[in-house]
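Here are my notes on the pockets and the ligand site. Please read them with the model open.

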Amino acid sequence: MKFFVDTADVDEIRELNDMGLVDGVTTNPSLILKSGRDIMEVTKEICSMVDGPVSAEVTATDYEGMMSEAAVLAKIADNICIKLPLTLDGLKACKALTAAGHKTNVTLCFSANQALLAAKAGATYISPFIGRIDDMAIDGMELIAEIRQIYDNYGYTTEILAASIRSVNHVKDAALIGADVATVPPSTLKALVKHPLTDKGLETFLADWQKTGQKIS
Ligand code: G3P
């Protein structure tokens, strides 16, 4: 499973990248707002830090506007992936951008039928939002399973990018179902390492090591 990091915070990206945990980055207008940075400047910096795709989202809602914003974003770097909303205009832009050789990420997916449309439009990635479905007291993970089955039924190559991940169990369950990618907030990505028995075991090893009076040098 590939890990994308869901942030526009360059310090967080650098830290995780140094651990080999970053296969790509996803941003959106809310994450740009949170970063307090200019979209062009911060996106360029992120693209230079990571080898994998960096999703940058258009904000126009009409086809022409999306295409003209996509042209600006695509010039930032070769690893830009154009993020588009799951609307009819977004699907049209997805088809045109994919045909022109760009990577595309169709976002704000909340149903299997929407994911089917994105695959037909040639999306590189589909982003189903797990956490926001859970927020409505519906199991968001079921959507990942449905999309996996539909894409496998017909051999669609669009990658399932599990998004709106809020917990370590979201990551595990998405991996068990077979999502291709999870885009994860930095704090959740770091939390994956935690296990009380790892901490306890390390504590015991260090205490016993002290008792030996030895040094590795
Ligand atoms: O990847 C989409 C993500 O940024 C949305 O997450 O927690 O705002 O639903 P959330």
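1. Helix H2 gives the largest share of the second largest pocket's lining, three residues. Helices here are DSSP runs (H or I, at least four residues), numbered from the N terminus. H1 (10–17) and H2 (29–35) each supply at least two lining residues.

2. This is a predicted model: local features need pLDDT of at least 70, side-chain atom pairs count only at pLDDT 80 or more, and totals for chains, interfaces and linings use all residues. Residues are numbered from 1 along each chain as its sequence is written, and side-chain values use heavy atoms, without hydrogens and water.

3. The second largest pocket holds about 220 Å³ of space. Its lining has 13 residues; Thr7, Ala8, Asp9, Lys34 and Ser35 lie nearest its centre. A pocket is an open set of points on a 1 Å grid over the protein atoms alone, where a 1.4 Å probe fits, with protein on both sides within 12 Å along at least five of seven lines; lining residues have an atom within 4 Å of a point. A volume is the space filled by probe spheres set on the points.

4. The largest pocket has a volume of about 290 Å³. Of its 15 lining residues, Asp6, Asn28, Leu31, Arg132 and Ser164 are closest to the centre.

5. Ligand oxygen atoms lie 2.7 Å from a side-chain N or O atom of Asp6 and 3.1 Å from one of Asn28. For Ser164, a polar side-chain atom is 2.7 Å from a ligand oxygen.

Key: Polar contact = N/O pair within 3.5 Å; in protein donor to acceptor, adjacent residues only side chain to side chain.
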